[in-house]
Amino acid sequence: MASPRIIGSVVAIAVIAGAIAAVAIVWRPAIAAIDPPAPQSFDSALVKHGRDLAAIGNCNDCHTVRGAKDFAGGLPVPTPFGTIYSSNITPDAETGIGRWSEAAFRRAMQSGVNRDGQHLYPTFPYDHFTHVSDDDDRALYAYLMTRQPVRAPARANDLAFPFNQRVAVAGWKVLFLRHGTTQPDSTKSAEWNRGAYLVEGLAHCGACHTPRNALGAEKSQASFAGGDVDNWHAYAINNQSSAPVPWDNDALFQYLRQGWHPDHGVARGPMAEVVSNLSEVPESDVRAIATYMAGVFGPPTEERKLRGDEALARASSSQVQPANGGTTTGAQLYVAACAPCHATDRAPPFGGINLALSSALTSPDARNAANIVLSGIRPSAGERSPIMPGFADSMSDGQIAALLDYLRTRFGNQPAWTNTSDIVRDIRRTQTVSLQRDQP
Amino acid sequence: MMTLKVNGQDHKIDADPDTPLLYVLREDLKLNAAKFGCGLGQCGACTVIVDGKAVLSCVTPLLLLEGKKVTTLEGLGTVETPAPIQRAFIEEQAAQCGYCIAGMMMRAQALLARNSKPTDAEIRAELQLNLCRCGTHMRILRAVHRASHLMQTADASPAQRSAP
């Protein structure tokens, strides 16, 4: 039988070891501040490369309040744990990252730790950015450090205990942050490998399109199975996709590059900024993303292909007059408010997509359709973009729900949505962050 | 048969419930201020006010108007006694061909009713959905500011306006 003294020693050692382990997990040193480097100290080709990478990373989307200064942060990002405000990543010395060395920037990208040594919330998707190469981090750093410095102090996050404790993030990382898990696959093409590197890393597609667990981490066994973002549903983009027509490599490329595809419609909601950014990066990178994602979708089954062909046939033969005689509120609203654009022979982008091809209507989640009908599609300032009037001011929740239920039944070819009225009411209340951002 | 309340008056309308409000205004009620531009809810020339909100009458079927109050430009003022928004547009000469202007004024009116002193950016965001091909945007902006000012001063009262 061990003496109390030995037991005491063992306990003491265990406590000390535990404390050391805890410190090792939690504590990160500050990295020395630098004087903000002069913009001309960066190679212009590197800056240009960093600009393309920042566009692929969609950095401006979260780090810019629409209508405000680029990369100055302050955008509220709603999460199940509270609201997190994006940070200022301009090279302002006091409120931005002006005093960050390249090593500090790289550590933030790879490990989610700021220059002071604080853990960053994984709203900043370093679970993806950890896969970005050192060279690409260098280019991103060069790009950001040559932007206009903007003085914009960080807004305080609105998180409940214990999520307001950054220490908790250290535990999250132990559970969910994996470094170096993406390796090149020599059996696949160089284009596929480039796509895998971008999609799993900088482009962080899974951050929206993969469902998350109770602790806000992506469910690794459900990659690309569909997730949530800003009160929109990010569609499943694997073999569970519910798009009426199966996606293929060319359709993905065209959609990501130009923002719309005749068989799939236009990218809107939070995806609008993504395609806007991808329209300006090297075409080969968008090709690579499409090639990799086509593999993630996988080849469609015969049955799936058949349903796609049927949807295309329905779309080309659709009549403006509803088949049921148009006596219900939903049918009458469709004829008067939707059909003028959505049931014509004008193909997108000049006409609305035939609703037999609408992913919003075949989706298991009614929120995207509700968002679009309520808010419409506002024009994007300074670029060509699709537009659609919103109906929030002319239709009640009940009328929009009746319309959505009608569209789902007539065009979705799927079981009816439940609780459509509740969804419309919630969406009207929250509207969407991306649309609010369009307001000055 | 339904009752449609336009500019304070009830009208008995005999039309299908999916008939666009614009057609009824122009063809049945002969209220021609709201214009047919695109018929697709994309240009804003048909904008009217329904229960205080700017609505595109070409994609608003009658069935949505049960029990609601429709206001058209004719309901705001007349040639003899123009409303502040109309007076402001005249004083700024904010029309070239004028086809879009009724819609512009209606959406601006709805904006000013809920925000009496909008900023330039707020006016631009609000009127983003109304297209003008002649390019009188800068005058339109000035006119909305002027209307905002007129509405806050006694100068805009009907008595003042009809005085010699």
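Predicted model: local features only at pLDDT ≥ 70, side-chain atom pairs only at ≥ 80, totals over all residues.

1. Residues are numbered from 1 along each chain as its sequence is written, and side-chain values use heavy atoms, without hydrogens and water.

2. Over all chains, 13 aromatic pairs are found. Rings of Phe, Tyr and Trp (its six-membered ring) pair if their centres lie within 6.5 Å; planes under 30 degrees apart are stacked, over 60 edge-to-face and the rest tilted.

3. Phe71(A) and Tyr143(A) form an edge-to-face pair, because their ring centres are 5.9 Å apart and their planes stand at 85°. Phe71(A) belongs to the loop between helix H3 (59-63) and strand S1 (76-79), whereas Tyr143(A) belongs to helix H6 (residues 134-145), 72 residues apart. Both Phe71(A) and Tyr143(A) are buried (under 20% relative accessible area; exposed is over 50%, partly exposed in between, with a 1.4 Å probe and protein chains only). Helices (H or I, at least four residues) and strands (E, at least two) are DSSP runs, numbered from the N terminus.

4. The pair of Phe81(A) and Phe163(A) is tilted, with centres 4.7 Å apart and planes at 50°. Phe81(A) is partly exposed at 22% relative accessible area, and Phe163(A) is partly exposed at 32%.

5. A cluster linked by ring pairs comprises Phe124(A), Tyr126(A), Phe129(A), Trp172(A) and Phe176(A).

Note on methods: Chains lettered and ligands numbered in written order.
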